[in-house]
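Here is a quick tour of a model, written for someone who likes cut-offs spelled out. Have the structure open while you read.

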Amino acid sequence: MKAKRSILNLSFGLGSQLITIILGFFIPRLIMVNYGSEANGLIASIVQIISYLALLEAGVGAASIQALYKPVASDNKNNINSILAATSSYYKKTGIYYFFAVLLLAIVYPLVISSEIDKLSIMVIILLTGMGGAINYYFQGKFKVLLAAEGKSYVETSIVTVANIMNSLIRILLLLQGVDIIAVQASYFILTLLQIIAFYIYMNKNYKWINLNLKPDYEAIGQKNSVLVHEISYLVFRNTDVLILTIFTNLKIVSIYVMYNMIFTIVDNIVQTINGSVKAALGQSYHESKEAFIKFYDAYEVYFMGLIFSILTVAYILILPFMKLYTAGVNDVNYIDMWLPILFVVIKLLTNARTSSNNVITIAGHFKKTQNRSILESAINLVASIVFVIFMGIYGVLMGTIAALLYRSIDIVIYASKHLLDRSPWVTFRRWLTNAVVFVGIILITTAIDIPIHSYLGLMIWGVLLGFVILPVYFVIGSLMERVVFLHTWEHLKKYRYKLKNKIN
């Protein structure tokens, strides 16, 4: 059942990402062409700032998922309902804060930002962008927590994907017609409301046993404040760069950052989808058998890390050719910069290669014990980014993030290895080093070849070819370096294939 749900999560998640990627490519370019780079930077800046409101649920969401792993594994519905009752109570209280925070942002942001776009339009755009999320948070947050703990994220993914497809198609149509940017954002708000209705119908039909009137188990989610610290650190890395660039530079520089970040955010989303599809199975395995968990964990770390490096290798090779094609005809600012891909790739490698180790800390519930480390990470990031941006502009915020990541990524691996896996951190560091050497080797070879790309079709063909070559290279080298892990994984895959074959027959 766990394997089946992981596969469903992965299939639906990657399918959703593929559709979102294809449709999402059109929108920023249409905004830049029709309204200019400043409008693109403005919308990106607003979206990033509103994402900070996710901090309201960050602590209780992750704490609830962690608390639900054990009762979900044993199918203890009373415990599940008690935890959900506590979770629901928190979501309702903070949902009100979310609503007023969006209102406050709509009033304050137009007053402090320098833009040629009129202040009333900015205010309306903020309200339309933020209110859908506030309503979604208030009514649906607690149920999404349960689905994540059960390993049924594919349900949410399906609903969100349909909404995203409809939203993207409507926005593209409106942008092609050259309608007001406010109408474009209004479509997003309407589709968010429809998504909430669809989600409610599913939960009401399939989870009639949920009872939120039981005594809330607040103790189960008692670590929510410690979890919040960790989530703040994560959001700092995801969103602070745009905020700092908005304050210290201008919206055109923000647009440059957003364009490069768009590609690497796609990589992030793919990685998070894959990680999320397996994390519930990892969490339940941790509470069932430590020995089985370690074998599962090692297999996941080796091949997940290889996947991360392979995706980022392809992204690095193709990003400048893509940017030349994508920004052709946009002349109000230069989008081509050879240093930005290097800095972004370093950030994404440091962020995502530590995911497996971070999973162990989350699953084990060691939030409070590691919160001071997250605080230090955030402090390094903020201070370094603000100092560096003054002297180096857009490169400065990226260097600030790298400085913090170097500290925290190493720290996460050491903590997880010593305190939870009872082994040397060198096991994971060796895997990092192996993949890094392969990465450098592939980049040197492809640079010497000088791949000719002059169209989107050529870009897609080369992307597929590079993917088919590069992914096996990482997996083969990883398997040769980790023979025990490979043999365990191979045996497990043969058993799963045998069970699947018997079911079919």
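Buried means under 20% relative accessible area, exposed means over 50%, and partly exposed is anything in between, with a 1.4 Å probe and protein chains only.

Some ground rules. What you see is a predicted model, where local features need pLDDT of at least 70, side-chain atom pairs count only at pLDDT 80 or more, and totals for chains, interfaces and linings use all residues. Residues are numbered from 1 along each chain as its sequence is written, and side-chain values use heavy atoms, with hydrogens and water left out.

**The chain as a whole**

The chain has 18 helices and zero strands; helices (H or I, at least four residues) and strands (E, at least two) are DSSP runs, numbered from the N terminus. Of its 505 residues, 52% are buried. The accessible surface comes to about 23500 Å², and carbon and sulfur atoms own 68% of it; these areas come from the Shrake-Rupley method with a 1.4 Å probe, and for residues only the protein chains shown count as cover. Take the contacts (heavy atoms within 4.5 Å) with a separation of 6 or more: 84% of them are between residues 24 or more positions apart.

Side chains of opposite charge can pair when their charged atoms come close. A salt bridge here is a side-chain nitrogen of Lys or Arg within 4 Å of a carboxyl oxygen of Asp or Glu, and the whole structure holds nine of them.

| Salt bridge | N to O distance |
|---|---|
| Asp298 and Arg431 | 3.2 Å |
| Arg431 and Glu301 | 2.4 Å |
| Arg431 and Glu482 | 3.1 Å |

Glu482 lies in the loop between helix 17 (456-481) and helix 18 (483-504), so its pairing with Arg431 ties together parts 51 residues apart in sequence.

Through shared partners, salt bridges join Asp298, Glu301, Arg423, Arg430, Arg431 and Glu482 into one network.

Arg423, another member of that network, is found in the loop between helix 15 (394-420) and helix 16. With a relative accessible area of 19%, Arg423 is buried. Leaving aside neighbours within four places in sequence, Arg423 is in contact with Ile294, Tyr297, Asp298, Glu301, Ser417, Lys418, Thr428 and Arg431.

Asp422 is in the loop between helix 15 and helix 16 as well. If you're checking backbone torsions, look at Asp422: it has a positive phi of about 55 degrees although it is not a glycine. Asp422 counts as exposed, at 62% relative accessibility.

**Helix 11 against helix 12**

How do helix 11 and helix 12 run relative to each other? The axes of helix 11 (residues 290-326) and helix 12 (residues 339-352) come within 10 Å and cross at roughly 170 degrees. The axes are lines fitted to C-alpha atoms, for helices over the stretch in contact, and angles run from 0 to 180 degrees between N-to-C directions. The two helices are therefore roughly antiparallel to each other, a label for angles over 145 degrees.

On the helix 11 side, the residues in the contact are Phe304, Ile308, Phe309, Leu312, Tyr316, Ile319 and Leu320; they meet Pro341, Ile342, Val345, Lys348, Leu349 and Asn352 in helix 12. By class, that makes eleven nonpolar, one polar and one charged residues. Here Ala, Val, Leu, Ile, Met, Phe, Trp, Tyr, Cys and Pro count as nonpolar, Asp, Glu, Lys and Arg as charged, and the others, Gly among them, as polar.

**Two spots on helix 14**

Val389 is found in helix 14 and is buried, with a relative accessible area of 5%. Not counting residues up to four places away in sequence, Val389 touches Ile244, Leu245, Phe248, Thr249, Gly396 and Val397. The C-alpha atoms of Val389 and Phe248 are separated by 7.4 Å, with the two residues 141 apart along the chain.

Leu376 is also in helix 14 (residues 367-392). At 40% relative accessibility, Leu376 counts as partly exposed. Its C-alpha atom is 9.1 Å from that of Tyr407, 31 residues apart along the chain.

Note on methods: Parallel < 35°, antiparallel > 145°, perpendicular 65-115°, else oblique.
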